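This report is a first orientation for a reader new to the structure. Please look over the sequence and the model before reading on.

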Amino acid sequence: MPASPATSRSAGDGASILHQPKAVWAVAFACVIAFMGIGLVDPILQPISRELGATPSQVSLLFTSYMAVTGVAMLVTGVIASRIGPKPTLLGGLAIIVVFSALAGHSDTIDQIVEFRAGWGLGNALFIATALATIVGAASGGVASAIILYEAALGIGIATGPLVGGLLGGISWRGPFFGVAALMAIAFIAIAVFLPSLPKPARATSLADPFRALRHRSLLTVGITALLYNFGFFTLLAYTPFPLDMTAHQIGFIFFGWGLCLAVASVFVAPRLQLRFGTIRVVAVALTLFALDLAVMGLFTDHKPVLVVCVVVAGIFLGINNTLVTETVMVAAPVERGTASAAYSFVRFAGGAVAPWLAGKLGETVSPHLSFYVGAGATAVGVLVLLSGRRVLAHVDRHEPAEQGVDEAQVLSAADA
């Protein structure tokens, strides 16, 4: 059975984890800020809607534009990085994030924020597709230590993003955007100063490679499953703040609990369940429970305590799913792992792009309950798609991974983010 990076580390790795070059800490810090962006805007969706006179579906386009551009950009990040090298790719991504997050903070209309979030998505794609591979190349103590640092950055970023967004959003909805710009500017300087130039990959990738990879039914099955699951994920993330109708601080604390559960489940719970029951079975159960969780939110949309509990509990199911689906992508098809990641990310982000707008539109024009039911239904269909591909994915539970290398790091970086 496949072992998560969290389960394949030797006991001796811990001694060297904290003894890293400054370059590694600079990239890890930037990773934290990048992953904070996942939930950073959640607490300010309602304030933006009120102050700019925007509907929930219009505000949800902040996620749609971000995810759509990120998905398309994933097709070209490998091409760019393989030609100009990791460091220029990282710095280019960070520079784009700094510029567009600052512009979003200066915006006066919802359309401007949506457009600038799209630019932010391009920068984030360039950064996240290269970050962990860079940490692996620069870290001391081996690959396992590098992945521990990356997982720590991922967990801290996802958990604290909503909290920081709530604190800054309590001052002004512009605060989180300016906060990201300032922190990413610091990260840009740190990486420029401390990270040495790293060699380019031995082979330059092609734009056609990800599309060729999708000819493998195993990889396409996982991608479509993730696309459908993302309908539920982004319904939870982008629409729930509207029926909750709470302050930025309150939304921030609620999604902090969600992010904390997601991080803990991803690193500690998923590997144990995987070893005992197998990857595909655990993913199917986790997605089924998430679909049921969304269905409960649809039934009790008018009961805020129920919504709060369901949001936090959902983090457990999402954390388990994210970790195991990422590893499944790594071994689903006989293609280079970076190529598999680009193909998978392109397909799955389509769900992340459509779901926020659709959830907001259904909540406005039909019923707020229906948004959650559609998310639950799409996730349930995702389970059926996954189970329909059990035969072509049977090798996933028999896979014994070799030591995690730079290619695996690229996949983890792109897919987890």
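## Thr339 and its surroundings

Beyond its neighbours within four places in sequence, Thr339 is in contact (heavy atoms within 4.5 Å) with Asp209, Pro210 and Ala213. The model is predicted: local features need pLDDT of at least 70, side-chain atom pairs count only at pLDDT 80 or more, and totals for chains, interfaces and linings use all residues. Residues are numbered from 1 along each chain as its sequence is written, and side-chain values use heavy atoms, with hydrogens and water left out.

Thr339 belongs to helix α15, residues 337-365. Helices (H or I, at least four residues) and strands (E, at least two) are DSSP runs, numbered from the N terminus. Thr339 counts as buried because its relative accessible area is 9%; buried means under 20%, exposed over 50%, and partly exposed in between, with a 1.4 Å probe and protein chains only. From C-alpha to C-alpha, Thr339 lies 7.8 Å from Gly78, although 261 residues separate the two in sequence.

## The chain overall

The protein chain contains 17 helices and zero strands. Of its 417 residues, 59% are buried. Among contacts in the chain with a separation of 6 or more, 89% join residues 24 or more positions apart.

The accessible surface is about 15,200 Å², and carbon and sulfur atoms hold 69% of this surface. Such areas come from the Shrake-Rupley method with a 1.4 Å probe; for residues, only the protein chains shown count as cover.

Ile48 is one of the buried residues of helix α3 (residues 45-52), together with Leu45, Gln46, Pro47 and Ser49. Outside the four places either side in sequence, Ile48 is in contact with Gly53, Val59, Leu62, Ile110, Ile113, Trp173 and Phe177.

## Cysteines

Cys31 is buried because its relative accessibility is 1%. Cys310 is also buried, at 7%. With a disulfide taken as a pair of cysteine sulfur atoms within 2.5 Å, the count is zero.
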